[in-house]
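Please look through the sequence and the structure below. The paragraphs after them go from one part to the next.

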Amino acid sequence: MATSSAVPQKRTITPAVTFATSGLGGCLAWTVIHPANTLAVRINLASMQGKVFSFSGMVKEHGILSVYDGLPAGVLRQVIYATARFGLFETFRDKLHEIRGHTDFAARVGLGAISGGMAAYMSCPMEVSVVRMSNDINLPVNERRNYKNVYDTVSRITKEEGVAAFWRGSNPFVQRAMLVGVFQVAFYDQFKDIYVRLANQEKNSIPNVFCAAMTSGIIYSLATMPLEASKNRMASQKPDATTGKYRYTGTLQTIRTVTAQEGFRTLYKGFLPYYIRCGGHTVGMFIIIQKIRDIYINH
C-alpha cells in the first residue's frame, strides 16, 4: 500500500514580518557599524572648526569606547528609520506590482525616494540626537553640551531649543534619505535581478544579496556624502552669540558655503569611515534581513 508524506508548507512573508525583519536587520547591523559612523561625523565636523581630526588623540583623551557614543540613539533611529524605509518600500512595491503586473526600474526609483523621505522625516529626532551625542566630545570644553544619555539629549533639546530643533536640519537629512532610498534600496532591489541574469545567481541567495548590497552601497556612499556633511553641520551648529542667527540655513546654502570657503572636497572628509558605515550597514542589514526571513519561511 503506497504511502504519501505531506510536503511541509512554507510560510509567506506578511507585511508585519516585512516591517519587523527590516527593523531588526537595521538595528543589528547598526550595532556593528556605529563606530564608523561616529568617526565619519567627528572627522567631518572637525573640518567645520578648522581642525584636523586625530584618532590617536581621541583615544588618548576619551578612550577607544568613545566611538560608541550615541549608540542607543543610533539603534533607536534604526527602529524607526530602517523599519519604515525598507518596510514601506517593499510594501509599496508589492502593491504596485499587484496593480501593474510588473515592477520596473523607474517604479523602484520613485518608491525608494518616497519611502526614504517618509522614514527620514519620522526619525529626525533620533538623527539629531545621534549627531550631537557622537560629536559632543569633539567640541571645545566650554561648548560641550555633556549629554548623559538618549533621554537626556531628547529632553534637553526639547526644553532648551524647542521641538522644532529636531527638524532644523531635516531638509538635508530627508533629501539624503530620498537618495538613500533610491541608491541603497531601489538599486539593491534592481541589482538583485541584474546579478540573477548576468551571474546566474539564485534570487535572494546570500551571494545574490551580498553582490547587490555591495554595489548599491558604493553608489549611495558617493552620492550622499555631501548631503551627510551638510546634515551634520546643520544638526550640530549653535546660533551666533551676537546675532542669534545660524550659519547654515539650508542644504544648498550649506554646500555652497562650504565649497566656497573650504573647497568641495571638504564635503567628502571622513569618506572612508562613511563608506565603511554605508557599505557595511547595507551589506550587513540586507544579509541579516534575508537570513531571518529564510528562517521564518522554512521553520
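Over the ring of which residue does the charged end of arginine 11 sit? The ring belongs to tyrosine 296, and the charged end of arginine 11 is 4.5 Å from its centre. The model is a predicted one, and the values that follow were computed from it. A second pair of this kind is formed by arginine 85 and tyrosine 81: arginine 85 lies over the face of tyrosine 81, at 4.5 Å from the ring centre.

Rings also pair with other rings. A pair of aromatic rings is described by the distance of the centres and the angle of the planes. Counted by the rule that ring centres lie within 6.5 Å, there are 12 aromatic pairs. One of them joins phenylalanine 271 and tyrosine 275, with centres 6.4 Å apart and planes at 15 degrees, so this pair is stacked. Both residues belong to helix 10, which covers residues 271-298, and they are four residues apart, about one turn of the helix. Phenylalanine 271 has a relative accessibility of 25% and counts as partly exposed. Tyrosine 275, at 22%, also counts as partly exposed, because the buried class requires a value under 20%. Elsewhere, Phe105, Phe183, Phe187, Phe191 and Tyr195 make up one aromatic cluster.

Next come the helices themselves. Helix 1 takes in residues 15-48 and has 34 residues. Its end C-alpha atoms are only 43 Å apart, short of the 50 Å that a straight helix would reach at 1.5 Å a residue. Helix 1 also bends by about 55 degrees at isoleucine 33, and proline 35 follows within four residues. Of its 34 residues, 24 are buried, so helix 1 is largely enclosed by the rest of the structure. Just after helix 1 comes glycine 50, with a positive phi of about 75 degrees.

Helix 3 has 30 residues and reaches 42 Å from its first C-alpha to its last, close to the expected 44 Å.

Is threonine 83 buried or exposed? Its relative accessible area is 18%, so threonine 83 is buried. A polar atom of its side chain lies 2.5 Å from the backbone oxygen of valine 79. Leaving aside neighbours within four places in sequence, threonine 83 is in contact with Phe19, Ser22, Gly23, Gln78 and Leu88.

Valine 131 is in helix 5, residues 124-135, and at 2% relative accessibility it counts as buried. Not counting residues up to four places away in sequence, valine 131 touches Val41, Leu45, Lys231, Asn232, Ala235 and Ser236. Lysine 95 is 36 residues from valine 131 along the chain, and their C-alpha atoms are separated by 35 Å.

Methionine 178 is found in helix 7, residues 170-199. With a relative accessible area of 34%, methionine 178 is partly exposed. It touches Gly112, Ala113, Gly116 and Gly117, again not counting residues up to four places away in sequence. Threonine 103 is 75 residues from methionine 178 along the chain, with 19 Å between the two C-alpha atoms.

Note on methods:
Residues numbered from 1 in each chain as written. Predicted model: local features only at pLDDT ≥ 70, side-chain atom pairs only at ≥ 80, totals over all residues. Heavy atoms only, no water. Buried < 20%, exposed > 50% of the residue type's maximum accessible area, 1.4 Å probe, protein only. Polar contact = N/O pair within 3.5 Å; in protein donor to acceptor, adjacent residues only side chain to side chain. Contact = heavy atoms within 4.5 Å. Phe/Tyr/Trp six-rings, centres within 6.5 Å; stacked < 30°, edge-to-face > 60°. Helix = DSSP H or I, 4+ residues; strand = E, 2+ residues; numbered from the N terminus. Lys NZ or Arg CZ within 6 Å of the ring centre and 35° of its normal. Expected span 1.5 Å × (residues − 1). Bend = angle between axes of the 7 residues up to and from the residue.
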